[in-house]
Amino acid sequence: MKYTPFWGCMISIKYPQFEASIRKTVDKLGIELADVEGFTCCPDPIYYQAKDKMEWLTIAGRNIAVAEEAGHDIVTCCSGCTSTLSEANHILKENTELREKVNQKLKKVGKEFKGTIRVRHIVTAIRDDIGIDKVAETVTKPLKGLRVGIHYGCHLLKPSAIMQVDDPDHPAILADLVRATGAEPVEHKLGLLCCGKACMSDEIPDRMVIDLIESIEAVKADCMGLICPTCFDEFDLGQIVLNRKYQKNFELPVIYYFQLLGLAQGLEPKELGLHFHKIKAGRVTEKVAAA
Amino acid sequence: MSGKLLANAVSERQNLKVTSTVKQVQLRQAEISFDFRQKLNDTLEGFRHNYCYQCGACVADCPAARYAPEYNPRLILLEALLGFEEELIGENSIIWLCTNCYNCFERCPQDVRPVEVIISLKNMSVERGTSPEEIAKISESVLKVGSTTFITPLVDRRRKELGLPSLKEIPVEELKEILED
Ligand code: SF4
Ligand code: SF4
């Protein structure tokens with residue numbers, strides 16, 4: 001399967017270890033990522049959309065048009081990019097008036113949104129086009145005994161009418177993918193709570209992150225598993241900040257799904273950039289080595 | 001109609017024990033703006049606020065409401081219906097506490113998509129110059145360099161260490177061109 005990867009700014013610039021973990025794991029699934037030139041920021045669904053929704057739609061429309069020229073479906077790796085590009089793709093396919101408006105702008109640079117491709121988070125494309133079984137087949141070093149507390153994040157699943165990925169109240173996609181690595185997905189009571197990043201308050205997101213980390217600690221998971229770099233930011237760097245600000249002793253490793261898959265495929269922690277994380281992943285790598 | 005609804009909105013806000021008396025005084029003096037309603041109707045997805053029948057289904061799963069008792073998406077919709085311009089798009093509006101989680105979008109039986117109405121309100125606040133600094137900071141970065149974060153030598157080093165290709169050029173000029181009127 002050939003896809004156009006949309007890496008987005010958070011991953012390509014801030015967390016390139018996630019890009020590396022995807023590039024190094026998905027070829028074994030028979031996925032070819034054919035990069036294209038000409039993308040900009042998606043743009044981000046929180047700040048830029050708050051600034052001007054019409055501009056947000058225009059920039060997103062341009063990015064999709066760039067991918068349409070290459071002819072393959074887009075796979076995204078960040079829930080923010082997934083939200084922007086999926087929603088924009090949906091709006092521009094459904095609403096001819098808005099599509100015309102956006103295309104008038106795109107015409108100035110010789111581009112056009114045609115509505116010919118799909119946009120999905122790469123985990124969704126893997127589940128639907130490749131299959132979870134195939135993921136399990138690439139595992140050479142099952143992560144036996146590793147307990148992963150999953151954080152779904154909001155924009156992979158919602159709004160479900162547009163995303164059409166899973167039941168947003170009882171999702172299974174990430175638990176199934178984690179299980180395929182040999183690890184054990186563990187339920188915790190706040191698995192569907194938002195990371196709080198978009199809430200512009202000095203203390204509300206803090207309280208949300210504290211509750212989330214404590215929810216995962218309560219079920220004695222070895223790490224948190226997720227698929228969004230913005231959530232990652234809230235939890236990895238976030239724990240360091242919270243430890244200082246509220247005298248906490250949090251040290252829960254936060255691992256991007258494809259880093260888990262990479263470990264299960266026998267890749268070294270360094271190749272997956274685990275050493276760049278603020279919260280050291282020792283707990284995880286030791287358990288994996290012993291498995 | 002609005003007399004009774006207005007009284008309800010005021011007393012509901014007070015029932016929420018908004019401790020700041022300043023806020024309550026502001027509320028009593030709030031002027032209802034019909035231009036504001038018209039403007040909201042003309043903002044992308046803003047028209048949906050008209051479909052709200054105040055059932056409150058959007059509240060139970062709202063994390064902002066759970067963590068901030070003064071926040072309530074149903075009341076935001078009520079204030080939109082009443083045309084409370086200052087409350088919604090003045091300085092320090094409560095709308096900025098929304099986490100963009102889309103739970104209200106999932107729950108609303110009227111397809112109001114409260115979060116989308118809130119985003120429309122944010123657009124109006126930006127136009128009025130009352131939005132938080134971060135909005136301008138991040139969107140300016142997108143327009144200036146094409147991304148929300150800056151590329152530093154450390155980024156290049158990390159990418160190299162991980163065996164990743166160097167970053168592609170971002171066509172910022174093209175971005176500016178499509179946004180011009
Ligand atoms: S769920 Fe919908 S109709 Fe009910 S109060 Fe909220 S926005 Fe209004
Ligand atoms: S999107 Fe905003 S208003 Fe809607 S449920 Fe989430 S926090 Fe509440």
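**Contacts, interface and rings in a predicted model**

Q: What share of the contacts in chain B between residues at least 6 apart in sequence join residues at least 24 apart?
A: In this predicted model, the share is 67% for chain B. A contact here means heavy atoms within 4.5 Å.

Q: How many of the residues of chain B count as buried?
A: The figure is 50% of the 181 residues of chain B. To count as buried, a residue must have under 20% relative accessible area.

Q: What makes A:F250 count as buried or exposed?
A: The relative accessibility of A:F250 is 6%. The cut-off for buried is under 20%, so A:F250 counts as buried. A:F250 lies in the loop between α12 and β8 (254–256) of chain A.

Q: Which residues does A:F250 touch, not counting residues up to four places away in sequence?
A: They are A:I210, A:I213, A:E214, A:E217, A:Q239, A:L242, A:N243 and A:I279.

Q: Why is the aromatic pair of A:Y15 and A:F18 called what it is?
A: The structure holds nine aromatic pairs over all chains. In the pair A:Y15 and A:F18, the ring centres are 5.5 Å apart and the planes 25 degrees apart. Rings pair with centres within 6.5 Å, and planes under 30 degrees apart count as stacked, so A:Y15 and A:F18 form a stacked pair. Both residues are buried.

Q: Why is the aromatic pair of A:Y15 and A:F232 given its class?
A: The centre-to-centre distance of A:Y15 and A:F232 is 4.9 Å, and their planes make 80 degrees. An angle over 60 degrees counts as edge-to-face, so this is the class of the pair. A:Y15 is in the loop between α1 and α2 of chain A, and A:F232 is in helix α12 (residues 229–246) of chain A, so the pair ties together parts 217 residues apart in sequence. A:Y15 and A:F232 are both buried.

Q: Which residues do ring pairs link into a cluster with A:Y15?
A: The cluster holds A:Y15, A:F18, A:F232, A:Y256, A:Y257 and A:F258.

Q: What is the area buried between chain A and chain B?
A: About 5,200 Å² is buried between the two chains, and carbon and sulfur atoms give 64% of that area. A:I13, A:K53 and A:M200 supply 13% of what chain A buries against chain B, more than any other three residues. In terms of contacts, 68 residues of chain A meet 53 residues of chain B.

Q: How do you know that A:K111 forms a salt bridge with B:E174?
A: The closest N and O atoms of A:K111 and B:E174 are 2.7 Å apart. The limit is 4 Å, so the pair qualifies as a salt bridge. Between chain A and chain B the count is seven salt bridges. Polar contacts join 24 residue pairs between chain A and chain B, with both residues at pLDDT 80 or more.

Q: Which helix gives the largest share of the side of chain A that touches chain B?
A: The helix is α4(A), with seven residues. That side of chain A has 34 nonpolar, twelve polar and 22 charged residues.

How values were computed
Residues numbered from 1 in each chain as written. Chains lettered and ligands numbered in written order. Predicted model: local features only at pLDDT ≥ 70, side-chain atom pairs only at ≥ 80, totals over all residues. Heavy atoms only, no water. Buried area = accessible area lost by both parts, 1.4 Å probe. Salt bridge = Lys/Arg side-chain N within 4 Å of Asp/Glu carboxyl O. Polar contact = N/O pair within 3.5 Å; in protein donor to acceptor, adjacent residues only side chain to side chain. Helix = DSSP H or I, 4+ residues; strand = E, 2+ residues; numbered from the N terminus. Nonpolar A, V, L, I, M, F, W, Y, C, P; charged D, E, K, R; others polar. Phe/Tyr/Trp six-rings, centres within 6.5 Å; stacked < 30°, edge-to-face > 60°. Buried < 20%, exposed > 50% of the residue type's maximum accessible area, 1.4 Å probe, protein only.
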